[in-house]
Amino acid sequence: ILPKNVTIIEVGPRDGLQNEKNHVDEKAKLEFIRSLQTAGIKEMELTSFVSPKWVPQMADAKNIVEKAEKIGRQIVLAPNEKGADLAIEAGAESIAVFVGVSNTFNKKNINRSTVESMDALEPVIAKLKNDGIFVRACISTAFYCPYEGKIEKEEVIDLCNRFVSMGVDELSVADTIGMANPVESYELFKLLKERFSEVLLTAHFHDTRKMAIANIFAALQVGIDRFDTSAGGLGGCPFAPGATGNVATEDVVHMLASLGIETGIDVEKICEAVGMIAPHVSHPIETGMYKLYNNR
Ligand code: HMG
Ligand code: MG
């Protein structure tokens, strides 16, 4: 039995733009965010408070958080205490921390081992929860790592366990480089759903090998009803070689609608948002629904 309603967490302004070679100006980012909200997006990753030396595209995080209209749950990423402090200072109410199951990936991404990152995040998360902040934990390389290969399910469960015991509100479990297949999606999310019923459970698929939609359908079958998606299929982690965009919001919402699953999101208006950001990115946008929209 498939869920009747699904929540889409739009990650375009963050995951989508962080990997963009062109500098996208603040005004365009804010307009993109606004048009996604107009399309019905209620949960969104706006930006990330990371080192501007590592990810120059996110250097305007403070202005984005301060200027974006507050609609629904607006999430910002923070890799460490400094990022969390800056996010709170800017007025963020929901913060996403992120750690890779793969130690090698974690080092490339945030310059610490996975255990070091977890140890450092423990007091940060405790403080955030004490201050009433919504905390989302993003689990990268939950299926495959570009450096270490296949990741064991037990390792993912262990990391999730530790985050849940720290009091996070949400786990977003990611196929960072888009290598998972639908059986792997089904099996991991079935386990996670059984183990972590006390938190929000979200699936984050990149579409590198065009399997993300199939992986989402597999996760739906075990009752997963929250998906991270990116308008225009933008995205990718700069420290995960081979990772391309996230699965496209417009294509996922379209599939869900065709299955009779409610998201509250207007596909046409998502395509308008894509059309708005398209001239600002360095590559053509060729998702299924956006192409249809352009050829109407
Ligand atoms: P580091 O060089 O080890 O940092 O980088 P450090 O603690 O040694 O500090 C060095 C300098 O950076 C200091 O400044 C700090 O103040 C500053 P200095 O004294 O040299 O002037 N600094 C910061 N500045 C701004 N914001 C901060 C911050 N922290 C320290 N938060 C660090 C460690 C984590 C900072 C760095 O590695 C980094 O910023 N990494 C970001 C990587 C990233 O953004 N990756 C993409 C997001 S994750 C993703 O896309 C995956 C996901 O989508 C799920 C999936 O698909 O898998 C979520
Ligand atoms: Mg990602």
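Two strands count as paired if DSSP finds at least two bridges between them, and helices (H or I, at least four residues) and strands (E, at least two) are DSSP runs numbered from the N terminus. The model is predicted, so local features need pLDDT of at least 70 and side-chain atom pairs count only at pLDDT 80 or more, whereas totals for chains, interfaces and linings use all residues. Residues are numbered from 1 along each chain as its sequence is written, while chains are lettered from A and ligands numbered from 1 in the order in which they are written.

**Exercise 1. Trace the pairing of strands 1, 2 and 3, and state the handedness of the crossover between strand 2 and strand 3.**

Solution. Begin with strand 1 (residues 7-10), which runs parallel to strand 2 and is joined to strand 2 by two bridges; here Ile-9 stands opposite Glu-43 of strand 2. Next, strand 2 is joined to strand 3 (residues 73-77) by five bridges, again in parallel, and Met-44 has Gln-74 of strand 3 as its bridge partner. Between strand 2 and strand 3 the chain passes through helix 3 (residues 61-67), and this β-α-β crossover is right-handed, a term that applies if, with the strands pointing away from the viewer, the path from the first strand over the helix to the second runs clockwise.

**Exercise 2. Why is strand 2 described as largely enclosed?**

Solution. The criterion comes first: a residue is buried if 20 or more other C-beta atoms lie within 10 Å of its own, exposed if 12 or fewer, and partly exposed in between, with C-beta atoms placed from the backbone. Applied to strand 2 (residues 43-48), this criterion finds six of the six residues buried, and therefore the strand is largely enclosed by the rest of the structure.

**Exercise 3. Find the partners of strand 10 and the unit that it forms with strand 9.**

Solution. Strand 10 (residues 226-229) runs parallel to strand 1, with four bridges between them, and Thr-229 of strand 10 is the bridge partner of Glu-10. Strand 9 (residues 200-205) is also parallel to strand 10, through two bridges, and on this side Ala-203 stands opposite Phe-227 of strand 10. Strand 9, helix 9 (residues 212-221) and strand 10 together make a right-handed β-α-β unit.

**Exercise 4. Describe the shell around ligand 1 by its residues, elements and classes.**

Solution. The shell has 25 residues, of which Val-50, Ser-51, Gly-83, Ser-140 and Thr-176 are the closest; a residue is near the ligand if its C-beta atom, placed from the backbone, lies within 6 Å of it. Two or more residues each come from helix 1 (12-18), helix 4 (81-89), helix 5 (103-110) and strand 5 (134-140), and helix 4 gives the most, with three residues. Sorted by class, the shell holds twelve nonpolar, eleven polar and two charged residues, where Ala, Val, Leu, Ile, Met, Phe, Trp, Tyr, Cys and Pro count as nonpolar, Asp, Glu, Lys and Arg as charged, and the others, Gly among them, as polar.

**Exercise 5. Compare the span of helix 8 with the expected value, and decide which residues are buried and which are exposed.**

Solution. Helix 8 (residues 182-195) has 14 residues and reaches 20 Å from its first C-alpha to its last, close to the 20 Å expected at 1.5 Å a residue; the expected span is 1.5 Å times one less than the number of residues. The buried residues in helix 8 are Ser-185, Leu-188, Phe-189 and Leu-192. These residues cover an arc of only 95 degrees around the axis, which means that they are on the same side of helix 8, the arc being that of the directions from the helix axis to the C-beta atoms. On the other side of helix 8, Val-183 and Glu-194 are exposed.

**Exercise 6. Where do Asn-111 and Lys-210 lie, and what is the phi of each?**

Solution. Most residues other than glycine have a negative phi. Asn-111, although not a glycine, has a positive phi of about 65 degrees; this residue lies in the loop between helix 5 and helix 6 (114-130), and counts as partly exposed because there are 14 C-beta neighbours inside 10 Å. Lys-210 likewise has a positive phi, near 60 degrees, and is placed in the loop between strand 9 and helix 9. With 10 other C-beta atoms within 10 Å, Lys-210 is exposed.
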